[in-house]
Amino acid sequence: MPNHLQPSEITYTRDRVAQILNEARYIPPNPNSNDTSLPIELYVEHSKINTRFQLGDIKKVQLEAASKRYREYCDIISKATPANHLEQLDTAYSKLLECHFQPRDIDATIDGACHKLARLPEVPPSLGNRWTQESISKLDDEYFVNQAHKTWDNLKVVRYVDKNIIRIALRIEIADAQWSGIFAFYINTISSLLSAALELSSVRRPYVLVLQAFLWTSWQRALMLHFSDGLNHQIKLGYDHEQNEFLAVDIVPAIQRELRVGSNRPDVPGYMCKWAFKLLNSDRAAVGLDFRAFIERYEETLGILPPRCIVSTGGDRLQCEGTSPESCTRFKGMKIEDQSAHSSSCSGSGGCKRLFWNEQSYRGQTGARAVTIEDGDHEQLDYRTASSSTMTVSHVWSHGQGGRPENHGTGMNSCLHERYIEIARQFGCDSYWMDTPCIPQDHQLRREAIQHMNSVFATSKLTLVCDRDLMLIDVSNPSTELYESLLSVLLVCD
Ligand SMILES: [Zn+2]
Ligand SMILES: [Zn+2]
């Protein structure tokens, strides 16, 4: 698992975070005013970025301007000595961003920002395809934290947390949950600079590597903070698809090339479907994210299982190539004939009854029908109108819970029905909705049920995600590691 970024003299210290906050304090024009609320102001390249803005309102930094700026950095770093390169570079680079903050509670703000930084990986994935270990080892000792190990991980510019990253962490902390995608513009600015650094540096002077590593590190960290801020916002305030625009930051061709190769294209465990992973990491709102911890957590959780993408007629199990959905039977060609799954705790050999619908009860309701969990004889599935007291069940058809409710259909095993009743009851629900028992085959009823599907999920009290990978995980001891395991499995499950 990549180490987390811990405070130290070579990364960041609480004192430095405090100092950066202090420099960025907003002094209200009327000092007697009790207004300690916003403004939080942010300027990127002297353009004021308001808390509400449209990406299209602001002209992106042109490559020409970025090249000019990059050459300035080259000039600075080539004239600096290896001993003071970091200080000189960060001073120049920090001019890209200007912040005016008015924190409510200074200590809490500093602690919160430090906590955010400490969640980042200690070092970003390397630019390993661009620079070999040999070229890194030729750099001056002063460029390294540990001169005995001249590696990417020990480059000072890779370990050090630049001032702008600390400002971003502070800004997120102060404007808690006021997500506006404000950093998208900043990140796009860094993308342009990074692009200039990767495209223009045909002369491989030592400082070019140092500069590329510095910009790459800063870009990666800014991106991770930006995405975590967006996610945090959605968790606190709910999903808003309009905000997705801000997650779609520019991934310029030079960065795309870096992401496609080397340590940025990690191998995934055999059980993980490569196409599912590709769908995840090439999503517009995930490009450039660091997936190392995700993959390692998955490996720890399900890494011992054999591949499952393709099962040959001889019984061999293979992982798909991840080139297209056609290459994987999880996406194309899997046939499940038997839709009569039992509950995970049922061996199937006992006396489970096959339950079918009470047609009269179904037809007697209007709107979306959910299976009622009220005590009954459990001889049939009874229905009531779905409401905010309904539990929705999301399952995977290929796992075999897809029998239809009519008497001539497959029906549903009583153990499954009882399992869903038990869970729904635990959460104070009066019914559960699942496509299998709630969408009959009758043309008219089916159309009606499908029409209500979105609103049933949207208004239900909770959604039970029923997946066999998730169900393999022992959740009896909750911890951050366990939640990470659940999330890594959920994101690429069936
Ligand atoms: Zn696959
Ligand atoms: Zn059973």
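## Overall picture

What share of the protein's contacts with a separation of 6 or more comes from residues 24 or more positions apart? It comes to 77%, where two residues are in contact if their C-beta atoms, placed from the backbone, lie within 7 Å. This is a predicted model, in which local features need pLDDT of at least 70 and side-chain atom pairs count only at pLDDT 80 or more, while totals for chains, interfaces and linings use all residues. Residues are numbered from 1 along each chain as its sequence is written, and chains are lettered from A and ligands numbered from 1 in the order in which they are written.

The protein has 18 helices and 13 strands. Both are DSSP runs numbered from the N terminus: helices are H or I with at least four residues, strands are E with at least two. Of the 494 residues, 36% count as buried. Buried here is 20 or more other C-beta atoms within 10 Å of the residue's own, exposed is 12 or fewer, and partly exposed is in between, with C-beta atoms placed from the backbone.

Let's take the sheets next. Strands of a sheet pair through backbone hydrogen bonds, either parallel or antiparallel. For the pairings below, two strands pair if DSSP finds at least two bridges between them.

One open sheet has 5 strands in the order 9-7-12-10-13, with mixed pairing. Strand 9 (383-385) and strand 13 (462-465) sit at the edges with a single partner strand each, so one side of each has no neighbour in the sheet. On average, neighbouring strands in this sheet are turned by 40° against each other, direction ignored. Axes for such angles are lines fitted to C-alpha atoms, for helices over the stretch in contact, and the angles run from 0 to 180 degrees between N-to-C directions.

Strand 10 (residues 390-394) is worth a look. Strand 10 pairs with strand 13 in the parallel sense over 4 bridges, and Ser394 stands opposite Val465 in strand 13. Strand 10 also runs parallel to strand 12 (residues 431-433), joined by 3 bridges, with Thr392 opposite Trp433 of strand 12. Because 4 of its 5 residues are buried, strand 10 is largely enclosed by the rest of the structure.

Leu355 faces Met412 of strand 11, and Arg354 stands opposite Asn413 in strand 11. With strand 8, strand 6 pairs in the parallel sense over 2 bridges; here Trp357 has Leu381 as its bridge partner.

## Helix 7 and its two partners

On to the helices. Two packed helices are described by the angle between their axes and the distance between the axes.

Helix 4 (residues 106-118) packs against helix 7 (residues 163-174) at about 120°, with their axes 8 Å apart. The two are therefore oblique to each other; angles under 35 degrees count as roughly parallel, over 145 as roughly antiparallel, 65 to 115 as roughly perpendicular and the rest as oblique. Their crossing is right-handed, a crossing being right-handed if the near helix is turned clockwise from the far one by less than a right angle, and left-handed if anticlockwise. Thr109, Gly112, Ala113, Lys116 and Leu117 of helix 4 make the contact with Ile166, Ala169, Leu170, Ile172, Glu173 and Ile174 of helix 7. By class, that contact has 7 nonpolar, 2 polar and 2 charged residues. Nonpolar covers Ala, Val, Leu, Ile, Met, Phe, Trp, Tyr, Cys and Pro, charged covers Asp, Glu, Lys and Arg, and the others, Gly among them, are polar.

Helix 7 also meets helix 9: their axes come within 10 Å and cross at roughly 5°, so the pair is roughly parallel. Asn164, Ile165, Ile168, Ala169 and Ile172 of helix 7 meet Ser218, Arg221, Ala222, Leu225 and Asp229 of helix 9. This contact has 6 nonpolar, 2 polar and 2 charged residues.

## Helix 8 against helix 9

Helix 8 (residues 183-200) and helix 9 (residues 206-237) pack at about 155°, with axes 10 Å apart, and are therefore roughly antiparallel. Helix 8 passes helix 9 in a left-handed crossing. Residues in the contact include Phe183, Tyr186 and Leu194 of helix 8 and Trp216, Trp219 and His226 of helix 9. By class, the contact has 15 nonpolar, 4 polar and no charged residues.
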